[in-house]
Amino acid sequence: MTNLSSAILDPLLRADPAGPRITYYDDATGERIELSAVTLGNWAAKTANLLRDELGAGPGSRVAVLLPAHWQTAGVLFGIWYIGAEVVVGEPLPTDCDVAMCTLDRLAEADETGAAEVVVLSLDPFGKPVPDLPLGVTDYATSVRVHGDQIVPERAAGPALAGRSATDVFAEAQSGAATQGFTANTRLLSTAQWGTADELVANLLTVFAGGASLVQVANPDAGALDRRRATEKVTADL
């Protein structure tokens, strides 16, 4: 196994391409977005094509991800792994990254990574661009939409996460899923973050490696969680 995105997403696409894979809530804004495995794969492919064809990233590239646990972030992460590049998360971030992907409020942090290319995400549910970006900074919403939603995954991948290979990261996710008993019948409610390598494996990759689906809640309203568990047919909290 040489491509982490293929290892994670291909079984989901075969088993249940159209069912909900990520259901994202933001209780501060009232946003609700649901992605199937197909839609998630399409976002990942478009991101991969943006990174590879427009920004020159590929195997051996290091991509700093300064983004919250969000449905668009999932597409970004799997896009990075589709082209065999390495996801760099956590603090302190290194200063030798090739690309940084961030929200506007973390633009200064992105500059500190040394990345020659910086991509800013608005995370707007309707795909609105970020206004008044500095010259030389790429707006994700504007740029990603012109790229194709199919990808030939890179087979000669470099490190995937925290210097570890795709094989090692996938094995860790599979082990975690088996330990926790995640299956295709598991629907998990989570308010957890993906800000470090360990959080990313435990709170995203382990879920999908087990075939489960995820209800990810940002800015959670504690009074709404029980209702959401019932509405979304949640079987467990992550």
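Mentor: Contact here means heavy atoms within 4.5 Å. This is a predicted model, where local features need pLDDT of at least 70, side-chain atom pairs count only at pLDDT 80 or more, and totals for chains, interfaces and linings use all residues. Residues are numbered from 1 along each chain as its sequence is written, and side-chain values use heavy atoms, with hydrogens and water left out.

Let's start with Leu4. Leaving aside neighbours within four places in sequence, Leu4 is in contact with Trp81, Ala160, Ala166, Val169, Phe170 and Leu205. Leu4 and Trp81 are also among the residues with the most contacts inside the largest nonpolar core, which has 62 residues. Such a core is a set of buried Ala, Val, Leu, Ile, Met, Phe, Trp, Tyr and Cys residues joined through side-chain atoms within 4.5 Å; buried means under 20% relative accessible area (1.4 Å probe, protein chains only). Helix H3, residues 71–82, gives the most to this core, with eight residues. Helices are DSSP runs of H or I, at least four residues, numbered from the N terminus.

There is also a second, separate core of twelve residues, including Ala64, Cys97, Val118 and Val120. Cys97 is buried, with a relative accessible area of 4%, and Cys102 is buried too, at 0%. A disulfide is a pair of cysteine sulfur atoms within 2.5 Å, and a search of the whole structure finds zero.

Terms used. Buried means under 20% relative accessible area, exposed over 50%, partly exposed in between (1.4 Å probe, protein chains only). Helices (H or I, at least four residues) and strands (E, at least two) are DSSP runs, numbered from the N terminus.
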